[in-house]
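Me: Could you go through this structure with me? I'd like to take it one topic at a time.

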Amino acid sequence: MARRARYAGVQILLHWTMAAALLTLLGFGLAIGRMGFGDTVLGLGLFEAYQVHKSVGLTLGLLALARLLFRIVWPPPALPRDMPRPTRVAAAVNHYALYCLMIAMPAVGWLMVSASPLRVPTIVFGLVELPHLTAPDEALERAMMRLHGALAMLFAVLIAVHVIAALKHAVVDRDGVLDRMLPWARRGSARRAFGRSGAE
């Protein structure tokens with residue numbers, strides 16, 4: 001399949017919408033992690049806040065899975081021809097790691113809630129109640145809680161790397177790589193990024 005010079009409009013929309021939602025979700029998760037019974041965040045009680053967090057997280061996980069499958073079937077726009085191979089590999093590793101984390105984090109969270117002896121239901125947007133994945137297991141719950149937190153920190157680091165790399169392409173290299181994902185990219189700027197292979 002021939003490579004495109006830019007991402008499709010729906011990909012650009014999903015990228016920026018999910019990026020905003022994921023950053024918000026990370027901050028929201030930190031906030032509700034410090035909540036106690038009777039506390040509120042954004043006008044939501046503890047139960048409601050967790051339901052929103054879980055609903056959005058699971059939805060983003062499904063969207064990330066769909067984007068990953070789409071990426072495999074329809075290769076992304078190519079990177080500049082003169083980009084060093086180590087940089088290409090690093091970009092690919094960062095992108096696939098981000099996709100994997102977006103899918104793994106809600107899965108781990110679902111397992112954590114399932115293992116809780118409290119048996120708190122997961123009701124996606126107040127419409128569909130998901131089944132618990134396992135019997136109550138405090139040890140498993142604690143392990144999944146630690147893993148969920150560790151994945152969130154790793155995710156934040158990878159996002160920072162992703163943003164720094166994008167800014168480098170835009171400000172230092174000026175090679176059109178970032179323009180492939182911008183809805184307002186300058187005419188012809190993305191074409192300069194067209195090369196032999198892609199990693200975004």
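Me: Is Arg174 buried or exposed?
Reply: Arg174 counts as exposed because its relative accessibility is 63%, where exposed means over 50% relative accessible area, buried under 20% and partly exposed in between, with a 1.4 Å probe and protein chains only. This is a predicted model, in which local features need pLDDT of at least 70, side-chain atom pairs count only at pLDDT 80 or more, and totals for chains, interfaces and linings use all residues. Residues are numbered from 1 along each chain as its sequence is written, and side-chain values use heavy atoms, with hydrogens and water left out.

Me: And where is Arg174 placed?
Reply: Arg174 is in the segment after α4 (138-173), helices being DSSP runs of H or I with at least four residues and strands runs of E with at least two, numbered from the N terminus. Phi of Arg174 is near 50°, a positive value in a residue other than glycine.

Me: What about phi of Arg119?
Reply: Phi of Arg119 is near 55°, again positive in a residue other than glycine, and Arg119 sits in the loop between α3 (85-115) and β1 (122-124). Arg119 counts as partly exposed, because its relative accessibility is 30%.

Me: New topic: which ring does Arg71 lie over?
Reply: Arg71 lies over the face of Tyr96, 4.7 Å from the ring centre; the rule asks for NZ of Lys or CZ of Arg within 6 Å of the ring centre and within 35 degrees of the ring normal.
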